[in-house]
Amino acid sequence: MIPLIIIIAIVLIVGLFAMTTYNGLVRLRNNRENAFADIDVQLKQRHDLIPQLVEAVKGYMKHESETLTKLTEARTAAMTAKSIDGKIEAENQLSTALNGLKVSVEAYPDLKASANFMQLQEEMADIENKLAAVRRYFNAATKEYNNQVETFPANLLAGMFGFRREKMFDVGEAQRAQLDTPPTVSF
């Protein structure tokens, strides 16, 4: 009788552990997906502003059409990306294209003084700041999820139920190379 009670107790403890761990993993995965949904909201605003910015710049930058074309193509790729990893990659390319536009704009003092352009720049800066905040939150949620998926004993159940390590939202290779290059200051 006592061995049966011990076996039942062990089975209940293991079952309770499995249920608690599985539910925790599901909560963390859903939290990560919700964090990416917050990023999507900011990305939608960013995507909506880019055509306005391009139109404002076009009149001043007729011979810079390659820069504008890259920006438009990057925006299209970002809007059509389906998976979280695909969106991360496409958004990194869009950020690189936006940085190229900022560099090109420096050569046009009249454009920089335009009230319409300035307002669009302020809105873009605001969205970029909000994007940075939601990306930090997404990465924190991803880190928490990855820690749970990879640490013992939860990793035993995680593998059985298909939970796997997820990708962080980072700056990407192109921007990382840019960040590794020291800025030049000239007067």
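Q: Is Asp48 buried, partly exposed or exposed?
A: In this predicted model, Asp48 has a relative accessibility of 34%. Buried would need under 20% and exposed over 50%. So Asp48 counts as partly exposed.

Q: Which residue forms a salt bridge with Asp48?
A: Look along helix α1, where Lys44 and Asp48 both lie, four residues apart. That spacing is about one turn of the helix. The closest N and O atoms are 3.0 Å apart, and the cut-off for a salt bridge is 4 Å. The partner of Asp48 is Lys44.

Q: What does 48% relative accessibility make Lys44: buried, partly exposed or exposed?
A: Exposed residues are over 50% and buried ones under 20%. Lys44 comes out at 48%, so Lys44 counts as partly exposed.

Q: Which residue does Asp126 meet in a salt bridge?
A: Here we're in helix α5, and because the two residues are four apart, Asp126 and Lys130 are separated by about one helical turn. Asp126 is partly exposed at 37%, and Lys130, at 36%, counts as partly exposed too. The N to O distance is 3.2 Å, and the residue that Asp126 meets is Lys130.

Q: How many residues apart in sequence are the parts that Arg32 and Glu166 tie together?
A: Start with the contact: Arg32 forms a salt bridge with Glu166, with the closest N and O atoms 3.8 Å apart. Arg32 is buried, and so is Glu166. Arg32 sits in helix α1 and Glu166 in the loop between α6 and α7, so the parts tied together are apart in sequence by 134 residues.

Q: Which residue is linked with Arg32 and Glu166 in a network of salt bridges?
A: A search of the whole structure turns up eight salt bridges. Arg32 and Glu166 make one of them, and they belong to a network with a further member.

Q: Are the rings of Phe36 and Phe169 stacked or edge-to-face?
A: The structure holds six aromatic pairs. In the pair of Phe36 and Phe169, the ring centres are 6.3 Å apart and the planes sit at 25°. Planes under 30 degrees apart count as stacked, so this pair is stacked.

Q: How far apart in sequence are the parts that Phe36 and Phe169 tie together?
A: Both Phe36 and Phe169 are buried. Phe36 lies in helix α1 (residues 2-58), and Phe169 in the loop between α6 (154-160) and α7 (172-180). The pair therefore ties together parts whose separation in sequence is 133 residues.

Q: Are the rings of Phe138 and Phe169 stacked or edge-to-face?
A: Phe138 belongs to helix α5 (residues 115-150), 31 residues from Phe169. Both of these residues are buried. Their ring centres are 6.4 Å apart and the planes are at 90°, so the pair is edge-to-face.

Q: Which residues form one aromatic cluster?
A: Rings pair if their centres lie within 6.5 Å. One cluster brings together two Tyr and two Phe residues. The names are Tyr22, Tyr145, Phe161 and Phe163.

Q: How many helices does the chain have?
A: From the N terminus on, the elements run α-α-α-α-α-α-α. There are zero strands, and the helix count is seven.

Q: What share of the contacts with a separation of 6 or more comes from residues 24 or more positions apart?
A: The Arg32 and Glu166 pair ties together parts 134 residues apart, well into that range. For the chain, residues 24 or more positions apart account for 78%.

Key: Residues are numbered from 1 along each chain as its sequence is written. This is a predicted model: local features need pLDDT of at least 70, side-chain atom pairs count only at pLDDT 80 or more; totals for chains, interfaces and linings use all residues. Side-chain values use heavy atoms; hydrogens and water are left out. Rings of Phe, Tyr and Trp (its six-membered ring) pair if their centres lie within 6.5 Å; planes under 30 degrees apart count as stacked, over 60 as edge-to-face and the rest as tilted. Buried means under 20% relative accessible area, exposed over 50%, partly exposed in between (1.4 Å probe, protein chains only). A salt bridge is a side-chain nitrogen of Lys or Arg within 4 Å of a carboxyl oxygen of Asp or Glu. Contact means heavy atoms within 4.5 Å.
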